[in-house]
Amino acid sequence: MRKGILFFLIVLGFSFNGFTQFNNDFFVDSVQRLNFYTGMDFTYGSNVISNKFSNKFLFGGTIDRDLKDETYKNLGDNNRLGGDLNYQLTAEIPFDTIFNKTGISLIVGVEFNEHVDLTFDENLFRLIFDGNKQFAGERTEISQTNYNYYKYQRLNFGLVNHRKYGDKLAKEGVLFSVIKGEEHQAANGGGIMTTEQYGRQIDLDLLYTYNSSDTANKGFKAFNGLGISTDLFSEFYFKNGDKFRMAIEDLGFVHWNKNSLEIRTDSCLLYTSPSPRDR
């Protein structure tokens, strides 16, 4: 048993595809007003795996030789993929409604978040999709592989300052969140694989560490961790009317409870194919 601490960091090296839709994307605000909005956004990215490959892997289809070879060309020392799913409900309440202060609004809301990321070794990727025949007669190293999955909810509150750009409003503000940690899983490690020349024997030496929140307490009601986080954001308009937004989001930590667990394994697996006389 152990206590875990999760630091939400910005992970570089992803090419993201996704969108978020809010009410003022289509109706530009010109005056400060009471706003309620709900939204869902999804981001996915990888620096080696194309959308075509991932769509066939996730939703079905043939991953043919050409598609594999195209992906293999992108593999290197830093192979990454990951994604985030977010649902939110937010209210923006102008202070002039309750304190007669113009230009500043109070934000309150809730969010539901899932995050997954994976860094993986080139040899492991090739082994999964093309088997071990390609490594016959070799001693193959599977270097460090890392997997992380987090599911949590946030209660948000903060302040927004509105700035005028002609007849349009842009915002800058800060958001503070209390986090309820629902679930987390993490695994990291590597190994060495030796394949006999004719495939009659495979020797696999693995060293892995696995961490998880309480496995007996799952689902939306699970309260396995407590934390805080901060968002900072700023918007401004270009001369052509396009709006630009900069943000640091979900920067903080979660402290997982004492029922979290850690498993370490150092295993040697030996597979020997039976000889023709034994079959």
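1. A residue counts as buried when its relative accessible area is under 20%. Please keep in mind that this is a predicted model. At a relative accessible area of 12%, His162 is therefore buried. You will find His162 in strand 6, which covers residues 139-165. What does the side chain of His162 make a polar contact with? The partner is the side chain of Glu92, at 2.8 Å.

2. Next, the nonpolar cores. The largest has 11 residues: Tyr44, Val48, Ile49, Phe53, Ile63, Leu67, Tyr72, Leu75, Phe120, Phe125 and Phe129. Helix 2 (65-72) and helix 4 (122-130) are the elements that give two or more residues to this core. Another core, of 5 residues, lies apart from it and includes Tyr150, Tyr152, Ile179 and Val254.

3. Leaving out residues up to four places away in sequence, Phe53 touches Ile63, Leu67, Thr71, Phe125 and Phe129.

4. Now for the helix pair. The axes of helix 2 and helix 4 are 11 Å apart, and the two pack at an angle of about 175°. Angles over 145 degrees count as roughly antiparallel, and helix 2 and helix 4 are therefore roughly antiparallel to each other.

5. Which residues meet in this pairing? From helix 2 come Arg65, Lys68, Thr71 and Tyr72, and from helix 4 come Phe125, Arg126, Phe129 and Asp130. By type, the residues of this contact between helix 2 and helix 4 are 4 charged, 3 nonpolar and 1 polar.

Methods
Residues are numbered from 1 along each chain as its sequence is written. This is a predicted model: local features need pLDDT of at least 70, side-chain atom pairs count only at pLDDT 80 or more; totals for chains, interfaces and linings use all residues. Side-chain values use heavy atoms; hydrogens and water are left out. Helices (H or I, at least four residues) and strands (E, at least two) are DSSP runs, numbered from the N terminus. Buried means under 20% relative accessible area, exposed over 50%, partly exposed in between (1.4 Å probe, protein chains only). A polar contact is a pair of N or O atoms within 3.5 Å; within protein, one must be able to donate a hydrogen and the other to accept it, and residues adjacent in sequence count only if both atoms are side-chain atoms. A nonpolar core is a set of buried Ala, Val, Leu, Ile, Met, Phe, Trp, Tyr and Cys residues joined through side-chain atoms within 4.5 Å. Contact means heavy atoms within 4.5 Å. Axes are lines fitted to C-alpha atoms, for helices over the stretch in contact, and angles run from 0 to 180 degrees between N-to-C directions. Angles under 35 degrees count as roughly parallel, over 145 as roughly antiparallel, 65 to 115 as roughly perpendicular and the rest as oblique. Ala, Val, Leu, Ile, Met, Phe, Trp, Tyr, Cys and Pro count as nonpolar, Asp, Glu, Lys and Arg as charged, and the others, Gly among them, as polar.
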